[in-house]
Amino acid sequence: MRPFLTLCCGALCTAALALPLAPSAGASAAPAPHPARSGELPGSTQSLPVAALGAPAPHPDARDFGTPTPQSLGLPARTVRPFSLLGVVWDDAAAELRGRVQVRTRATGGGAWSGWQDVQVHNDDAPDLGSAERRDSAVRGSTAPLWVGDSDAVQLRITPETHDRARAGLPGGLRLELVDPGRAPRGVRGAHADPPAPLGPEATAASAANAGLAPLGATEIPALDQAASQGDAVAEDGAPPGRTYVGPRPRIVTRAGWGADEQLREKAFTYTRTVRAAFVHHSGSGNNYDCAEASSLIRAMYRFHVKSNHWRDIGYNFLIDKCGTVYEGRAGGVAKPVMGAHTLGFNTDSTGIAVLGTFTDDEPPQPAVDAIARLTAWKLGLHSVDPRATIQMLSGGGNRFPKGTKVPLHVISGHRDGFTTDCPGVHLYNKLAATRLAAAELQGR
């Protein structure tokens, strides 16, 4: 589904903004945030049940405003605790939400309401069907998360594809999740009042997984030239030096660098055998963020994946913002073959890279495209993979390839190559052919 923004103006906008705001009674925060530590506000999730919307009195401009029909579900305009990211979840991860999901939000502190925005309904990032992550937790279905910025009021409407809800396929247990990403620890924000808090056991483990690349507790893994990056391959698998096709390592902001609360995720790390392919995604979270907000967006997405979707950790192995900064995603070590939850059916022996944004209608920023080439040249090079190659991968089951199907894929593929989806958006997808060549050149091929 294509995200878009509908502008309101004149009497219509006035009427819309005059809607009464319901109090936030009935909202559940799941779970309550733990106490702040050393200046850290770890964030929270408000989980609001979606209900049927009545038929309001006709408005002169109802046709343009899109007044909900009695068959629609949603939430009336209501004041809530501040949040910055939202998404809709439901109980059965195998069920589809066949309809249109739209939201509007109000900037915190009595600011203006946004126009109505579409939420990307088809969120095809998920753990593989046969994985322990899928079996051992109540994984939910969900839309893509949408970044809306600091907001304190929200309105939601879900319009089924037909007026007959029995045939519309609306799944059960629909809830609107409102995520406050919290603030990063003071040490990450660069404040001088307090030193960084001592690392807890979970944070120590996540940082130690990058041993040999950065000191314990480091907020970034520094960039290296190509010659120095050969050592990463040796550290990864103990192979003798002399590999010539490892691209220069890009600078990578670690989980400590973007302020991950390591108590949210499951403690253990999960690995595949190797990395044979990289799947490129867009996050579907919209383009209305600036690079200074990227860490907050990632913290919010992390919380959405864990607390709302019930995944073990954030789904992607790496994330890239519009300025081309690379971020460590799922914990376990950036040089290691960490099992992600990014491409249903093809998470084994692959790595998932998400560019923060939505590129169905918009071009991806060139710094982000360049960062994909740098990251894949290094990451695939660690596993002796030519970015220009094609391989066969075995499907673990999905909506495009049945389980057990041998599928020919580019080593650098878009999400849509393994799953029927718009991801990573046509404009980003069209950049991948050139990205394969650029990554190979960076490897020295």
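The model is predicted. The protein has 445 residues, of which 53% count as buried. Its secondary structure comprises twelve helices and 19 strands. Take contacts between residues at least 6 apart in sequence: 76% of them join residues at least 24 apart. The structure also holds one disulfide.

**Nonpolar core**

- The largest nonpolar core has 41 residues.
- Ile-320 and Trp-378 have the most contacts inside this core.
- Several elements each supply at least two residues of the core: β13, β14, β16 (350-355), α10, β17 (390-394), β18 (406-410) and α12 (432-443).
- Helix α10 gives the most, with eight residues.
- In soluble globular proteins, nonpolar side chains tend to be buried together.
- Leaving out residues up to four places away in sequence, Ile-320 touches Ala-368, Ala-371, Ile-372 and Leu-375, among others.
- Further contacts of Ile-320 under that count include Ile-353, Ala-354, Val-355 and Leu-356.
- Thr-325 and Val-326 are also among the residues that Ile-320 touches.

**Helix α10**

- Helix α10 spans residues 366-381 and has 16 residues.
- From its first C-alpha to its last, α10 reaches 22 Å, close to the 22 Å expected at 1.5 Å a residue.
- Twelve of the 16 residues of α10 are buried, so the helix is largely enclosed by the rest of the structure.
- The buried residues of α10 include Ala-368, Ala-371, Ile-372 and Leu-375, and Ile-320 touches each of these four.
- An α-helix has 3.6 residues a turn, so residues three or four places apart point the same way.

**Strand β3**

- Strand β3 covers residues 44-49.
- Five of its six residues are buried, so β3 is largely enclosed by the rest of the structure.
- β3 pairs with strand β10 (residues 175-180) in the antiparallel sense, over six bridges.
- Within this pairing, Gln-46 stands opposite Leu-178 in β10.

**Cysteines**

- The disulfide joins Cys-291 and Cys-323, with their sulfur atoms 1.9 Å apart.
- The link of Cys-291 and Cys-323 is right-handed, with 100° about the S-S bond.
- Cys-291 is partly exposed, with a relative accessible area of 23%.
- Cys-323 also counts as partly exposed, at 47% relative accessibility.
- Cys-423 is buried, with a relative accessible area of 4%.

**Ser-283**

- Ser-283 sits in the loop between β13 and α9.
- Its relative accessibility is 2%, which is under the 20% cut-off, so Ser-283 counts as buried.
- The side chain of Ser-283 reaches the backbone nitrogen of Gly-357 at 3.0 Å.
- Not counting residues up to four places away in sequence, Ser-283 touches Val-355, Leu-356 and Gly-357, among others.
- Other residues that Ser-283 touches include Ala-144, Pro-145, Met-301 and Tyr-316.
- Val-355 and Leu-356 are among the residues touched by Ser-283, and Ile-320 touches them too.

Methods. Residues are numbered from 1 along each chain as its sequence is written. This is a predicted model: local features need pLDDT of at least 70, side-chain atom pairs count only at pLDDT 80 or more; totals for chains, interfaces and linings use all residues. Side-chain values use heavy atoms; hydrogens and water are left out. Helices (H or I, at least four residues) and strands (E, at least two) are DSSP runs, numbered from the N terminus. The expected span of a helix is 1.5 Å times one less than its number of residues. Buried means under 20% relative accessible area, exposed over 50%, partly exposed in between (1.4 Å probe, protein chains only). A disulfide is a pair of cysteine sulfur atoms within 2.5 Å. Two strands pair if DSSP finds at least two bridges between them. A polar contact is a pair of N or O atoms within 3.5 Å; within protein, one must be able to donate a hydrogen and the other to accept it, and residues adjacent in sequence count only if both atoms are side-chain atoms. Contact means heavy atoms within 4.5 Å. A nonpolar core is a set of buried Ala, Val, Leu, Ile, Met, Phe, Trp, Tyr and Cys residues joined through side-chain atoms within 4.5 Å.
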